[in-house]
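Work through the exercises below with the sequence and the model side by side. Try each task before reading its solution.

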Amino acid sequence: MIWDRMETLPRDDMERLQLDRLQSVVRRVCRKVPFYRNRLQEMGFKPTGVKSLSDLPKLPFTEKDDLRDNYPYGLFAVPLEKMVRIHASSGTTGRPTVVGYTRKDLGTWSELVARVVVQAGVKPRDVVQICFSYGLFTGGFGLHYGLERVGATVVPASAGNTPRQLRLMQDFHTTALVGTPTYALYIAEMARENGLDPTRLGLRLGLFGSEPWSEGLRQELQTAWGFAATDNYGMSELIGPGVSGECRLQDGLHISEDHFLPEIIDPETGETLPPGVQGELVITTLTKEGLPLLRYRTRDLTALDYTPCPCGRTTVRMRRVFGRTDDMLIIRGVNVFPSQVEEILMDTAGVGPHYQIIVDRKGYLDEMEVRVELAADYFTGAFRDLETLERNIKERLRSTLNTTPKVKLVEYRSLERTEGKAKRVIDRRPTADD
Amino acid sequence: MWVKQISVFLENKSGRLAAVARLLADNGFNIRALSIADTSDFGILRLIVNDPARAYQVLKDAGFTVSETEVLAVEVPDRPGGLAGVLDLLHDTGINIEYLYAFVSKSGGNALVLLKVEALERAVEVLGANGIQVQDYHIVHQI
Ligand SMILES: [Zn+2]
């Protein structure tokens, strides 16, 4: 089922609509947001300077730091009294980024999440347990209102208290789960430890987001729970969840292009890249009232696919996020993404799904260690099986990453489990500030 | 029935071995024989205990990664060259020994050695033909 006919708009009509909305948002930010007015003036760009979508690269980027520098309300395009909701990022490093929603923005948000959950397969008869935390983080509330809009029965369980999550699933006959992939994995693990078979709990759908995850982890989750697992994408700066989501074909995430105009750029040079080429996703919000952003650099790496999807939607699909430019590790000059490591570990019998990457510096050399849990049922008691396993993983990592990490098998359950975003990387190298 | 050995996967960090020993003691198990094979990262603890089936479950329930392996308990004459004789016999018949370790108590006047080989039946045959006793499950787990 398709929630909104805008998802099937012919390409020409979509582009006309996008241009119309782009022109309007540029004019509006020039009027309402001093930050943009100054920036466009400095560049000599007139508020009426957008003539076609190909003028997009002439507009300035907005960076996460611009939001931080204008903390808390500096980029808002409406007076605070028009805002009806505030959310904020966790701000683990430096200031948090604050976002505001007008009443209309909240309506848009619910509609966009409704599209995402419907294309993931949610029906009004579903009982959906939301295991995202509620609060300043957009995950919980975002999915909540979108699911209500669709008519599903929402169980706002929030994150944490795993035994209670399992009890709710059984008592309320939950049919769909919303959360981070790593937390869903952990719930399944806890279920099995308590003698419950997760595949018999009756869940048919899993909707995941808020952290990059691999195809291997999807397979792992689908097997563990016996449900269809789809990916959805968003970030608080843009609106929260609801920017894009997978349809049931699980082949890329349909972007709600009538609200978010996507581009892919080379993260180093800022040059716009052609469709199909992997680079950093940049989004211009086309309809946001409270906090419109021009060419926001998401720092997420993906590629765009404009070919029609057999599901009937005409909107562009972004590939599953490969990694974040923030997450990229430079090990002895070689770029390494945690997602590459995950993909290999998920594809290796005998280990995972929990792993951790530890980076340290010995003298002048970076050292990377991959810790992964030995699967309980793989252990034969034979020493050489473990040695062979370690050697194989090391070899596969070496050939993919072009750097040779240490591999360390660790005991099952020895790596930290999390209820939110997983902490996969521990970088102990001294930073410039130290 | 073969002797049942319990293997436990352990990270090489302090306290893990003690944790296993403590858990088994608290549950009333007696460790009859043990050996550890390790690298700098991980180790495998091999144990012979009374009631191995229950020990396996207790360890597993406590979150340890365990497996059960069948090994041979061979009576080795307690004199110089006793072990060498047994090993030669197996070697000469092409039976590969993956590892071995000794039992704490003796069986009669003989030392008891635990052997891990692929070809269990064949090894027993060869040893038996040469007058060397292989102890069975019940006796070993009760010693
Ligand atoms: Zn589709």
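Helices (H or I, at least four residues) and strands (E, at least two) are DSSP runs, numbered from the N terminus. This is a predicted model, in which local features need pLDDT of at least 70, side-chain atom pairs count only at pLDDT 80 or more, and totals for chains, interfaces and linings use all residues. Residues are numbered from 1 along each chain as its sequence is written, chains are lettered from A and ligands numbered from 1 in the order in which they are written, and side-chain values use heavy atoms, with hydrogens and water left out.

**Exercise 1. Helix α8 of chain A**

Task: Find the buried residues of α8(A), then look just past its end.

Solution. Start with the term: buried means under 20% relative accessible area, exposed over 50%, partly exposed in between (1.4 Å probe, protein chains only). In α8(A), the buried residues are A:G216, A:L217, A:R218, A:L221, A:Q222, A:A224 and A:W225. Now step past the helix.

**Exercise 2. Aromatic pairs**

Task: Classify the pair A:F141 and A:Y145, and then the pair A:F208 and A:F227.

Solution. First, the rule. Rings of Phe, Tyr and Trp (its six-membered ring) pair if their centres lie within 6.5 Å; planes under 30 degrees apart count as stacked, over 60 as edge-to-face and the rest as tilted. Over all chains, the structure holds 14 aromatic pairs. The pair A:F141 and A:Y145 is stacked, with 6.4 Å centre to centre and 10° between the planes. Both residues lie in helix α5 (residues 138-150) of chain A, 4 residues apart, about one turn of the helix. An α-helix has 3.6 residues a turn, so residues three or four places apart point the same way. A:F141 is partly exposed at 24% relative accessible area. A:Y145 is partly exposed too, at 35%.

Next, A:F208 and A:F227 form a tilted pair: 5.9 Å centre to centre, 50° between the planes. This pair links distant parts of the chain, 19 residues apart: A:F208 is in strand β6 (residues 205-208) of chain A, and A:F227 is in the loop between α8 (215-225) and β7 (228-235) of chain A. A:F208 counts as buried because its relative accessibility is 0%. A:F227 counts as buried at 4%. Widen the view: ring pairs link A:F208, A:W213, A:W225 and A:F227 into a cluster.

**Exercise 3. Charges over rings**

Task: Which ring does A:R320 lie over, and which ring does B:R46 sit over?

Solution. Apply the test: NZ of Lys or CZ of Arg must be within 6 Å of the ring centre and within 35 degrees of the ring normal. A:R320 lies over the face of A:W213, 4.8 Å from the ring centre. In chain B, the charged end of B:R46 sits over the ring of B:Y99, 3.5 Å from its centre.

**Exercise 4. A buried arginine**

Task: Is A:R115 buried or exposed, and what does it touch?

Solution. Locate A:R115 in helix α4 (residues 103-119) of chain A. Its relative accessibility is 3%, so A:R115 counts as buried. Contact means heavy atoms within 4.5 Å. Not counting residues up to four places away in sequence, A:R115 touches A:W3, A:D4, A:M6, A:E7, A:S256, A:D258 and A:H259.

**Exercise 5. Chain A meets chain B**

Task: How many salt bridges cross the interface of chain A and chain B?

Solution. A salt bridge is a side-chain nitrogen of Lys or Arg within 4 Å of a carboxyl oxygen of Asp or Glu. The rule finds 4 across this interface. B:E98 forms a salt bridge with A:R384, with the closest N and O atoms 3.8 Å apart.
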